[in-house]
Every structure is written in C-alpha cells, then in structure tokens.
Amino acid sequence: MSTIESVLKETRSFAPIDAFRQNATLSGMEAYNTVCERANNDYEGFWADLARELLSWHKPFTRTFDGSNAPFFKWFDDGLLNVSYNCLDRHLDQHGDKTAIIFESDDGQSTPISYRSLYEQVCQFANGLKKLGVEKGDRVVIYMPMTVQAVIAMQACARIGAIHSVVFGGFSAGALRDRIIDAGAKIVITANEGMRGGKTVPLKATVDEALDAGGCDSVEKVIVQKRTAGNTPMGARDIGWDELTAGLPLDCEPTWVEADHPLFILYTSGSTGKPKGIQHSSAGYLLGAANSFRWAFDYKPDDVFWCTADVGWITGHTYICYGPLAMGATQVVFEGVPTYPDASRFWSMIERHKVTTFYTAPTAIRSLIKLGADLPKQFDLSSLRLLGTVGEPINPEAWMWYYEVVGGGRCPIVDTWWQTETGSAMIAPMPGAVATKPGSCTLPLPGIMADIVDESGAPVELGNGGFLVIKRPFPSLVRTIWNDADRFRKTYFPDEFNGQYYLAGDSAHRDEDGYFWIMGRIDDVLNVSGHRLGTMEIESALVANPLVAEAAVVGKPHEVKGEAVVAFVVLKGPRPTGEEARKIAAELKSWVAHEIGKIAQPDDIRFGENLPKTRSGKIMRRLLRSIAKGEEITQDTSTLENPQILDQLQEPA
Ligand code: ATP
Ligand code: MG
C-alpha cells in the first residue's frame, strides 16, 4: 500500500462572518449537513429533485440514473430539454430587461446586454447556422476572442443541438487544426482579429493556416465576425457574421434534445499530456453548472458576478456561458488581460461595475501580487462579498493576500477544486457554512462523494495522502472522450479501482476536520528517501518566503535518495544571476528545511522570469521534469504559452 506524506503545516481557519452567514442560501453547518445527509440517504432522489427544481424540461424524465453500461453512465435519459431555452427563454417573461452581460472590451468600453437582447442575438445567429445547413449533432469549432459573440455562438449551437468545441483564441494553427480534425467540425466560427492588451490577435489568419495545412475536409464554412477595423481577406469558404444573419428572424424554435445529447466537446488544457476531447451532456452538465453556481457562489439575484476565465476553458463554459445564464444572473464578460492598460485593471473594473462575486485563478493572483501588492487599496472594493479561485492549488500566502487585501477580511474565499471532466465545482466551501483554511478546497458540495484512496482503492487514514476519487457518478461528469471510449475507461475508471470510482488524477490528503488538501497531480508525487511528497506543499513553503512570487517543484533521479527535489523559482524582484543567485538559492534551501524539514529541501534551485505555463495559466511540470533531468524536450508543447522561458530555466543557480 502506498500513501503520500503531508508536510504542510497550515493551522489558520476562518469561519464565515455573521453578516454573510445570516444571508446565505445554505446558512450554517447544520444546514449543510442536512443537505449532505439527504444526498447520502437518497442519492438519486436528491439529484432528481434538483433537476426538477433548477431545469425546465420539454418532456419530463422518468428515469433518473442508468448505470447498466458503466462507466458510460446516463442521467435523466428519457427527458427532453434545450440548454439555450434554460439559459434565455425562461427568463424573458419576468426578467427580459435584466442585464445578462456587462461586456467590457479590451480598450475599456462597457456595454450592458439585457436577457432579451441576448436571446434575440442568439436566435438570429442560430438561424444563420441553420441556413448553412448545421443540424443537430454537427460539430462547430469556435475560435473567438473573449467577446459576447463567443457566448452567442455557443448558445446558438446549444439552441439547435449542434455540438460546440471552443478552442482558446491563443492556440496556434497546429493546435487548432488537431482539434478541428479530431472533432470533425463542419463549421468554424472566428473573428477577423481579437484584441488583447492593446494588441491585435490574427484569428482569421490562423484559421486559414490551420485549414490550408490540409486534413480538415469536414469544414464547409468559416463564419467571420468583424471585431476590429483590420482588413482581413475573405475567401470562398468564408462568410461574414453580419452578412449571414442580416434580416434573419429574432426568434428560433429551440431543438429539443435528449438529456444526454452532447452539448459540447472541450479539450483539456494538456498539463499532463495530449489533450483529451471531453464530451459533456446537456441536462446533467447544465444541472451541475447551475446548482454549483448557486451554491458555491451563494448566488443572489442582485449579484454582479465576474469570472475572469476565457470561454476557451471549462471555467468559462460553466461559470460564464452556462451556470450564470441558467440562473438568470448578471455578469461581467471581459475581453482583455489583467495587466492592460496597467496592473490595476481588475481592481478598477470591480469598482466600476460594483462586482459582488469575483472568480479568478491562483496564477493571476500571484502575478498581481508581484506587480503591485498594494494596488487594490487604491480602489473601492466594498461591493465584493465573495472571492473564488480555481485552476491550481492556491498557496496559503497568496490566499491570505486575496483574503485580506482584496476581500478586506470580509469575503469568504471559495477555493473550488474541479476539472474539465467534472463539468462543475466538486470540492469547495459552502460559503455560508464551511469555515475556510488557506490552501484547502475544504469539503465536497452536497451530493459529491469525494474520497481519498490508496492504490488498491481502499480508503487511506486521515492525514495520509492518496488518490482523489469520486465514488459515485454524478450528473455533470464527462460522458466519454470524443472518439476514444477506450482511453476514457482506462484513464478515469481503471481496473485497479474495480472500474467503480472516478479517478481524478490528483493526489490529496484530508486533515482531522475532514478537509481536502490537493497535493498535486498523481504524476507529480516525489519519492525522496522513501518519503512520498506532493509538489504543492514544497511550492507553498517557497511562496511563503517574502522574496518569492511563484515556484514549481519537480523531482530528478538521485543515486542515494531515489529522487531529489528541484525547484524553479520566480522572485518578486528581478531574476538573479551569478553570485547573487547562488546566495538566494542557499537562503531558500535553508528556508524550506526550516519550514517543512530537511527531506523537502531542494538540491537544486533555478531562477526564471516566469515558469512554463499552459495557456490557461497552469504550470507545466512535465516540461520542468525534463529540464531537471537535463533531457531534451520532446513532448507536446502545443499548449505552452511561453516556450522562450525554457532556456532560462536550464541554467543552474
Ligand atoms: P490535462 O488533463 O490535459 O493534463 P488539466 O488537468 O490541466 O489538463 P483542467 O481540467 O483545466 O486541465 O484542470 C483540472 C486540474 O486543475 C485538476 O485536476 C487539478 O490538478 C487542478 N485544479 C483545478 N482547481 C484546483 C483547485 N482549486 N485546487 C487545486 N488544484 C486544482
Ligand atoms: Mg486533467
């Protein structure tokens, strides 16, 4: 039996403040426990009730769950519904004039869009897709900037039962082409150019490059939105967005689809290997999105929600395009980047739009600390009542800064652990009930049977690390990997776990209060002198040093210890070299030895101006492992944001 040791010592804890708890949807631990018990005692009834309460059905389902063809599970499978109807039509009677989206463009203009207007634009564009012959089940690749049109394109696909696959607008032609081919897309939707940080992004030109490289024979048409004044050549397979939709009706009968009809395919970010085409359902996915949005963010109808993710990632799907709209919320959609025109962009937007609920990633938080830890104090952030994070473990020091400086000690920090595959947040504090601890995603949402097991699938003792699993299928779980059912079963429901548990691929441990602490990817566990250590804890110790902005830790083979710790570090100040680098490296080694013990002390520390990250902002440790070993990098780097950083990190301090 093998477990993973935890070396992180974090004892701070923050109960929800009274004012928050009193107004919360789920207020106090008793309320939380009651809902969890209900889910435990009558699992299917629990989800069936939620599916009736939160979703509007064209034809009600009579079967809640079908596990007969495990692990290809079905939920609500004889029901019919339409996702876009649930996100738009059903709000019109009562809330047609409510603002659905406050769009802020890269250059700072903001435009409110009401639910009615969004509905009309979605319908009109859906009619355009139909005119091009798009039918239920056809795949549509969306390669767009972070604009309202991206949301409209996704919703329009949902409206007619087409399956969208959004590809992040920063991906190269090669990465785009791979996804177009894998999905067998009939249509590509793009913009002539995007705008990010004051610069144009040549989207249409990249689509042309991808298609002209060959192999994309499935593609019949490219729809091009004119986002900028730039002059973009149009060819025979291209059609302008406005030209396509001109004069088309502003309503469009939704196509009713089966509950498990695929809503979208989304390729994972590729932190650990070749991206997988994650296929999500319509009803189960939407239920997870809507319900977790309501619970984890304690949604109130007058909230102004802002999720800073791009729609190219699952976070942007679930907490921009689907969850908030299903609940009839008002949200900010932002085209630009946090550092343009300067590093106070986020804080200024929160002040101007009176954002109540702000959801971002640890990588953004760490870089904003580096760029101006005191900047938030120059803005009125008093509208905020809840702060969320997602994407990576948040180091306790970054958490504390978020809590104190951004949230004024008033806002619960909702650290949401989930994945492209889970579709919606799985482990996160119910903010009116669960006390938070910096660096822990705390407890599962009611109905999510998360646990930690060893290699044989047996539960580990509290305090020991192991494999994070979810023991029962839940509605928003991935249905399969597009074109690769075999990889789906092997990756997520391996035989070692009797094919029963959903294996998340992360390692974690639980503390004495049952709180979950994510320790890193399974692949990232280090084995130092017989101690199995998660990378995240050593990284957090490094980030707790006042000099350090960001750190990534990997192992390299060592004759005596088995593995030695190698740390890649970004300082808050400039990148040190020569003697200074050696001095700081020595200081950081003894810091780690002192903070968590000698076994975790890095043998080797490398400094960079940044770390290699996926385009979704996650550190790519698999590349760092090759660098640490002195290997040539031969792996898939198509999803890497900043390849030039790899050279710096090859130099030892
Ligand atoms: P790939 O599966 O291709 O390697 P990926 O796992 O990076 O890509 P995502 O589905 O976007 O793609 O990311 C999910 C992963 O992100 C989780 O498995 C986990 O490792 C990490 N993660 C997300 N949220 C949190 C969180 N709150 N705390 C810790 N880790 C998190
Ligand atoms: Mg993953």
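Me: Is aspartate 415 buried or exposed?
Reply: In this predicted model, aspartate 415 counts as buried because its relative accessible area is 6%, and a residue is called buried when that value is under 20%.

Me: And which strand is aspartate 415 in?
Reply: Aspartate 415 belongs to strand S20, which covers residues 413-415.

Me: Which residues come nearest to ligand 1?
Reply: There are 21 residues around ligand 1, and those that come nearest are Ser269, Ser271, Thr272, Asp415 and Thr420, so the buried aspartate we began with is one of them.

Me: What classes of residue make up the shell around ligand 1?
Reply: The shell around ligand 1 is made up of nine polar residues, seven charged residues and five nonpolar ones.

Me: How far is the side chain of arginine 521 from ligand 1?
Reply: A polar atom in the side chain of arginine 521 is 2.9 Å from an oxygen atom of ligand 1. For aspartate 506, a polar side-chain atom is likewise placed 2.9 Å from an oxygen atom of the ligand, and in lysine 618 an N or O atom of the side chain lies 2.9 Å from a ligand oxygen.

Me: How much of ligand 1 does the protein cover?
Reply: On its own, ligand 1 has 630 Å² of accessible area, and the protein covers 95% of that.

Me: What does UniProt have under "binding site"?
Reply: An unreviewed UniProt entry gives this feature at a list of positions including Gly391, Glu392, Asp415, Thr420, Asp506, Arg521 and Arg532. The listed positions are spread over 142 residues of sequence and also spread in space, with up to 26.9 Å between C-alpha atoms. The unreviewed entry also lists Val543 and Val548 for "binding site".

Me: Where does valine 543 sit, and why is it called buried?
Reply: Valine 543 is in helix H16, which runs over residues 535-543, and it is called buried because its relative accessible area is 7%, under the 20% cut-off.

Me: Changing topic, what about threonine 111?
Reply: Threonine 111 is partly exposed, since its relative accessibility is 39%, which falls between the 20% and 50% limits.

Me: What confidence values does the predictor give?
Reply: The protein chain has a mean pLDDT of 94, with 100% of its residues at 70 or more, and for the complex the predictor gives an ipTM of 0.99 and a pTM of 0.94.

Terms used: Residues numbered from 1 in each chain as written. Chains lettered and ligands numbered in written order. Predicted model: local features only at pLDDT ≥ 70, side-chain atom pairs only at ≥ 80, totals over all residues. Heavy atoms only, no water. Near = heavy atom within 4 Å. Polar contact = N/O pair within 3.5 Å; in protein donor to acceptor, adjacent residues only side chain to side chain. Areas by Shrake-Rupley, 256 points an atom, 1.4 Å probe, with all protein chains shown as cover. Nonpolar A, V, L, I, M, F, W, Y, C, P; charged D, E, K, R; others polar. pLDDT = per-residue confidence, 0-100. UniProt positions renumbered as here; feature names shortened; annotations may be inferred. Helix = DSSP H or I, 4+ residues; strand = E, 2+ residues; numbered from the N terminus. Buried < 20%, exposed > 50% of the residue type's maximum accessible area, 1.4 Å probe, protein only.
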